[in-house]
Structure formats: C-alpha cells, structure tokens
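Trainee: Could we go through this model together, one question at a time?

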Amino acid sequence: MTITQLARKTVRELTPYQSARRLGGNGDIWLNANESPFVNEYNINLAGLNRYSECQPPELINAYADYAGVEPQQVLTSRGADEGIELIIKAFCEPNCDSILYCPPTYGMYAISAETNGVKANVVPLTPEWQLDLNAIATNLDNVKVVFACSPNNPTGNLLARKDIISLLEMTTDKALVVIDEAYIDFSLQDSVKDLLATYPHLVILRTLSKAFALAGLRCGFTLANSDIIDILLKVIAPYPVPVPVTEIAVQALSAAGRARTKFQVLDLCANRAYLQAGLSMLAGVTVFDGYGNYLLVKFSDADKLFNTLWTSGIILRRSPIENCIRISVGNRDECEKTLAFIRSQLQQ
Ligand SMILES: *Cc1c(COP(=O)(O)O)cnc(C)c1O
C-alpha cells in the first residue's frame, strides 16, 4: 500500500479548509481573513514553562465568564473556536450514523469538521434574506445531533433573527444541540443569545479572541453551554490544550483595561466599516449588504475580474462563494481608504 492509500478514506477525499493563509497571495493590504488591524502589547512571564498547563486554567475561565456574563461552569476554553466545533462533533456525533445540519452560505469549518470525523451533513440553505429556513430545517432533522448557525453570519454579515433562534431551540428540544457561532458578536454584543442558556439546556455558543480582541495568532476560543454539555466536551478535549503563555495573554486581554481597549477598537472598526459601506454604496453597480461583524459582503457586476485586479495589485480580499460577491475585512482607516480608492478607480474605467 502507498502512504496515500494508508490514509482513511474520508481523509483521502477531504478538501481542507481554504483558509486565507493557505490561499497565499502577495499583498500590501490584507483584508481577507477578518483579522484585526490592531497590534496590542502584552507582558509575558517566561518562568514556569517547565510545567504542564492546566487543562482549563481557572483564571482564564473566570475572566471569560465575567466578560460573557455567564457562570464559570458554563465556559470551556480551547484552541480557537474551531477546536470547539471539532470537540462538539467528536463528542456528540456517532461516525457513519449521526449528522450535523448547517445552513449555507456560512462558515466552512462545520462541514469540514463533520467530514473529517465521518459524520454526514444535512445542508439547508438560508432563505434569500439569509435567515434560517425553519420549515426546511424541521423536515431535515432525522439523525441530526447538532445544528450549526452563525450570527453575525460569515460571510454574509447579517444577524440571525432572535425569534428564529428560539424557534430552532424549541423544535430541537431533546433531539439535538443548537450551536450558535458568535465569533463576531463582540461587534454587536447586545445581540448575543447567551441569556437563552438559562432556558435551553441544549444551546451552545461559540466565542473567540481572534476577531474583536485582535488575537487571531493566539488561538484562544470559548464554548459557552450548560455544565452538562461542558462536562461531556471535557471528556474528549486534549489534556493540555491551552499553552501557559496563551492564558497569560488572554487574561490580560480580558482584564478591565484590555476590555476597554477592545471596546475602543471595536468602535473604531465600526466607524471604518461605515466609511467603507458609504463609499462603496455610491459606486454604480455595487451593492453593500449590512454587516454586523468586522467585514462587509459586497456585490459587484464582475467580482472575479475586480478580485483578480485587486489581488495582483497587492490588495488581498476574500472571494465569496455567493455569486459576484467579495468579502472585505474592515482594516484600519488607511487600508480602507486605499481599498476604496482602488475599487473606485477600477469601476470608473
Ligand atoms: C474566525 C471564525 C471562527 C474561528 O475562530 P478561531 O477562534 O480563530 O478558531 C469560527 N467561526 C467563525 C464564523 C469565524 O469566522
């Protein structure tokens, strides 16, 4: 057998996530991965690295619980929200038997984590308004153990209607978990559904420090859920998932000073988002969809052509699978001005 043949069939057939990093590019302006433009400073103490870290460092769990307004028993930390997705599927879905359900266009990792684990996926597209298609979900719940929904949704940018999330929770009671991916909720904190944890024992919420907290490289995410679910996830998590320096930095990011800084940076990015939206909306043939995260989905008449011209000119954006749409991450004001000016010059030729 060749090495390739030794790999599991599902892995041989898998197309890995086309992350912005993997796609490469040679840019001056990187607005393709919804990263923060802010580079913040932290102090790291290098003593104590000879010891293993705690699986769930209490100071980190307590800091995030305080930020999110939940109990520490309702928080699990992992290597990014992506590991949270993986753990949920691993712990709740029997391979070759159970399914997840997700609603495209949305984040790609739900499908990829399911496939990697030999778990099938029921695909129920969002409505034309990019909301949950509750009737279609209701008729596709056979064998579904986990429903994934993302709000603000990546890549469309809209929030899911709270009443629809409640309907989804009602129809899945005692049947399946409902995972609401709130990776971008810090840009719209009042729209979190974390208060629903008190009513629905099968609700799970994913959070991350990668976006608003400007720590994509740190790899620190959180799963919020009732303690029954957290205890099950703790059975399948790696023994030492959180490196000691990660805890140190994350705790500083979640301190009062760190939170105040994030709040200021979120306001700054929201202003830049409004600037980009206003400027792009004025261009003929361009539609900008309202976005609640640190990115905008924008429709052009020939997105491929524009995307490629931008790419070769060093402005790296993200091509979305939605027809003629490009996702633009909100950078600093200079990056937004340059990107807008370049697009304007291209469309006016
Ligand atoms: C970025 C992103 C994540 C992953 O976050 P990490 O914490 O960096 O793993 C999860 N969900 C959505 C919708 C995202 O856009």
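Trainee: At what angle do helix H12 and helix H13 pack?

Mentor: Happy to start there, with a word on the source: this is a predicted model, in which local features need pLDDT of at least 70, side-chain atom pairs count only at pLDDT 80 or more, and totals for chains, interfaces and linings use all residues. Residues are numbered from 1 along each chain as its sequence is written, and side-chain values use heavy atoms, with hydrogens and water left out. Helices are DSSP runs of H or I with at least four residues, strands are runs of E with at least two, and both are numbered from the N terminus. With axes as lines fitted to C-alpha atoms, for helices over the stretch in contact, and angles running from 0 to 180 degrees between N-to-C directions, H12 (residues 303-312) and H13 (residues 333-347) have axes 11 Å apart and pack at about 130°.

Trainee: Which word describes how H12 and H13 lie to each other?

Mentor: Angles under 35 degrees count as roughly parallel, over 145 as roughly antiparallel, 65 to 115 as roughly perpendicular and the rest as oblique. H12 and H13 pack at about 130°, so they are oblique.

Trainee: At what angle do the axes of H5 and helix H6 cross?

Mentor: H6 spans residues 109-116, and its axis comes within 9 Å of that of H5. The two axes cross at roughly 45°.

Trainee: How much of the ligand's accessible area does the protein cover?

Mentor: Look at the polar contacts, pairs of N or O atoms within 3.5 Å: a polar backbone atom of Ala 81 is 2.6 Å from a ligand oxygen, and a polar side-chain atom of Asp 181 is 2.6 Å from a ligand nitrogen. Ser 210 has a side-chain N or O atom 2.7 Å from an oxygen of the ligand. Of the 380 Å² that the ligand has on its own, by the Shrake-Rupley method with a 1.4 Å probe, the protein covers 93%.

Terms used
A polar contact is a pair of N or O atoms within 3.5 Å; within protein, one must be able to donate a hydrogen and the other to accept it, and residues adjacent in sequence count only if both atoms are side-chain atoms.
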